[in-house]
Amino acid sequence: VLASGAWSIGVENALHTHGRKRYKNRPTWPLEAEPVSGGGAPVEVPKMKKFQQQLGSFESLQFEPEMQQERRVRIYDYSAELIPFQKAWEWQHESLDGQLDRLKNEKNGGSQFIAASPDEESLDLLLEGGQDVIFMLQHEPVYTLGTGSDESFLLGNTHGVDVVRIERGGEVTYHGPGQLVVYPILDLRGYQQDIHWYMRALEEAILLALKSVGVAEACREEDVTGVWVSTKKIAALGIKARRWVTMHGLAVNVDSRSLHNFDGIVPCGLVGRKVCCINDFLDEAITVEDFAPHMKRALEHTFQIKLSPI
């Protein structure tokens, strides 16, 4: 999962503070990832810090059905594959750079959404990565640390899994097989220019997807980000944004493989809190590939978009 409470935003952005309410239970990496050492038992495990994006509230977007059909976003679905962390990092940055190039030329730039029948100009923009896109995948095993993460949350035995320090905020987390990771590269001008709203929107999409597969007990918890079932964390999120264009995203633990390496860390710096997966709560197990369509529909509903596969 991505670190609980992980976020950072470019200095050119100003945070919107409208509606800063605490939510109750209702529905950057550097250009080269930097390896860090992970040995030795921690002397003292620091207490979790609270982060600003635990504030805010979710308000539904409202568009007419015909307008939603025009809000088309490209999705790259690799949910059945294991993608190396570095490769996904490159995809995100290429897409982010394309969006920023489009914004630099706003007067001549195209829409952040893709056309149903793209002309030559809009097709060029799509190929250059200048429009909204979502990547959905599984990762090869990796632990990640945010820019300010405390290495004492690495508990000594990292099982030979790579450890990298990346651009986002927040504490150490784990990605691996059995976990669905979603990276939306979205220009929030087309949604709400509010980082807190966006974090709550990601949680909303996770809740909808979980409920649709039968995990009805999934909920938010006050003062912490992510989605929980019976006090255990089933999904987490962490983002970075630059000029209101997002990267990083969310991760949901689907099958038991996703839990194997969490014992090497204090996940998200939440001392004493455990993690769980979807199949812990289902009579009939599902796969990451089974869960992916539910996540897609939840994203479409929450962000009022139409996802278009490559």
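This is a predicted model: local features need pLDDT of at least 70, side-chain atom pairs count only at pLDDT 80 or more; totals for chains, interfaces and linings use all residues.

## Salt bridges in the model

Side chains of opposite charge can pair when their charged atoms come close. The structure contains seven salt bridges. Among them are the pairs Glu203 with Arg200, Arg220 with Glu203, and Glu204 with Arg220.

## A pair within helix H4

Arg200 and Glu203 are joined by a salt bridge whose closest N and O atoms are 2.8 Å apart. Both residues belong to helix H4, which spans residues 195–212. Three residues, or about one turn of the helix, separate them. Arg200 and Glu203 are both buried.

## Links from helix H4 to strand S9

Glu203 also meets Arg220 in a salt bridge, with an N to O distance of 2.8 Å. Arg220 lies in strand S9 (residues 219–221) and Glu203 in helix H4, so this pair ties together parts that are 17 residues apart in sequence. The relative accessible area of Glu203 is 2%, and that of Arg220 is 1%. Because buried means under 20% relative accessible area, Glu203 counts as buried, as does Arg220.

Arg220 forms a further salt bridge with Glu204, the closest N and O atoms being 3.0 Å apart. This pair likewise connects distant parts of the chain, with Glu204 in helix H4 and Arg220 in strand S9, 16 residues apart. Glu204 and Arg220 are both buried.

Through salt bridges that share partners, Arg200, Glu203, Glu204 and Arg220 are joined into one network.

Terms used. Residues are numbered from 1 along each chain as its sequence is written. Side-chain values use heavy atoms; hydrogens and water are left out. A salt bridge is a side-chain nitrogen of Lys or Arg within 4 Å of a carboxyl oxygen of Asp or Glu. Helices (H or I, at least four residues) and strands (E, at least two) are DSSP runs, numbered from the N terminus. Buried means under 20% relative accessible area, exposed over 50%, partly exposed in between (1.4 Å probe, protein chains only).
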